[in-house]
Amino acid sequence: MSKRIAYISILLVWGCNSLIEKSVPLDGEFYIQDGWLAFSSSKYEEADKHFNTAIETNDSGSVFHFLSLVGLGWTNIYKAQMIEETSSNGYVNNAGENLNAANDLILNINIEEITFDLNEDYFNGITDMYAGLALQRSYFAKQKSANENAWETTNESLSDTVRILYEESIDFSIQLESDYIFQHDVKLTYNDILVLRTENYLILGNIEEAILSFNQIDFDQLGFEVNEACEQGVDFDSSKLIECLCIVSHNGFCPFGDLND
């Protein structure tokens with residue numbers, strides 16, 4: 001009888017310990033993976049919840065915080081795109097706060113302490129952060145300027161705040177390599193970043209830089225036909241640049257007709 005009681009006691013203790021272990025929050029990596037899975041399925045509220053849980057259940061300033069902030073930044077950008085947000089005090093603003101916080105964390109994260117399993121995630125997270133910052137700054141600049149600036153706008157008409165946002169978008173985009181692909185939405189590639197950078201240069205009135213950027217675009221990767229004149233690249237003709245950029249930005253057909261008229 002005493003052996004049976006001892007055995008039952010061991011089972012009870014072991015069972016309680018098992019329940020305690022199961023109640024411990026999952027490692028941050030699992031929440032982040034679930035966040036990106038939800039993101040890839042356009043379940044942005046669910047993604048938001050997973051990324052925030054990873055932040056709440058891990059040490060402040062950890063690599064999990066960094067990766068979660070990057071995820072939150074992208075989630076807010078896609079939320080804004082989904083509703084075609086125009087307000088400058090919404091998701092795009094939140095995305096900037098998330099990605100800025102991630103950028104600040106880079107200086108304090110000890111790379112030597114990152115485990116082998118997280119090493120690739122960390123460096124992918126850095127490139128995704130730069131791409132996200134490039135998109136967020138440009139989107140935010142458009143919101144700030146309330147769509148009052150056409151591509152032909154000269155730099156004298158831009159406010160200092162909007163100008164800085166466009167300049168920052170360009171600076172962040174330059175941090176990316178030419179083979180960049182956003183792994184959680186593979187339709188977004190370096191070509192899209194080049195189109196964005198070209199547009200930003202043009203808005204700022206930096207025509208030479210805009211032309212150089214446009215001429216780096218790989219037209220074979222666009223997924224649609226572009227007229228031969230644009231495929232041959234543009235020289236120092238700003239009118240042709242504007243028309244070709246419009247064509248590239250609208251899947252091969254500029255909805256505004258002949259912009260040279």
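A nonpolar core is a set of buried Ala, Val, Leu, Ile, Met, Phe, Trp, Tyr and Cys residues joined through side-chain atoms within 4.5 Å. The model on screen is predicted, and the tour begins with its largest nonpolar core.

**Stop 1: the core.** Select Phe66, Trp74 and Phe214. Among the 76 residues of the largest nonpolar core, these three touch the most other members. Next, select residues 116–144, which make up helix H6. With 12 residues, helix H6 gives the most to this core. In soluble globular proteins, nonpolar side chains tend to be buried together.

**Stop 2: Trp74.** Which residues does Trp74 touch, leaving out those up to four places away in sequence? Show Trp36, Phe39, Asp128, Ala131, Gly132, Leu135, Tyr180, Phe182 and Leu188 to see them.

**Stop 3: the disulfides.** A disulfide is a covalent bond between the sulfur atoms of two cysteines. The count here is two. Select Cys230 and Cys244, whose sulfur atoms are 2.0 Å apart in a disulfide. Their link is left-handed, with -90° about the S-S bond. Cys230 belongs to helix H10 (residues 228–231) and Cys244 to helix H11 (residues 238–249), so the pair ties together parts that are 14 residues apart in sequence. Are these two cysteines, Cys230 and Cys244, buried or exposed? Both are buried.

Now select Cys246 and Cys254, which a disulfide joins at an S to S distance of 2.0 Å. This link is right-handed, with 80° about the S-S bond. Cys246 and Cys254 are buried.

**Last stop: the pairing.** Display the bonded cysteines of the chain together. Numbered in sequence order, they pair 1-2, 3-4.

Technical notes:
Residues are numbered from 1 along each chain as its sequence is written. This is a predicted model: local features need pLDDT of at least 70, side-chain atom pairs count only at pLDDT 80 or more; totals for chains, interfaces and linings use all residues. Side-chain values use heavy atoms; hydrogens and water are left out. Buried means under 20% relative accessible area, exposed over 50%, partly exposed in between (1.4 Å probe, protein chains only). Helices (H or I, at least four residues) and strands (E, at least two) are DSSP runs, numbered from the N terminus. Contact means heavy atoms within 4.5 Å. A disulfide is a pair of cysteine sulfur atoms within 2.5 Å.
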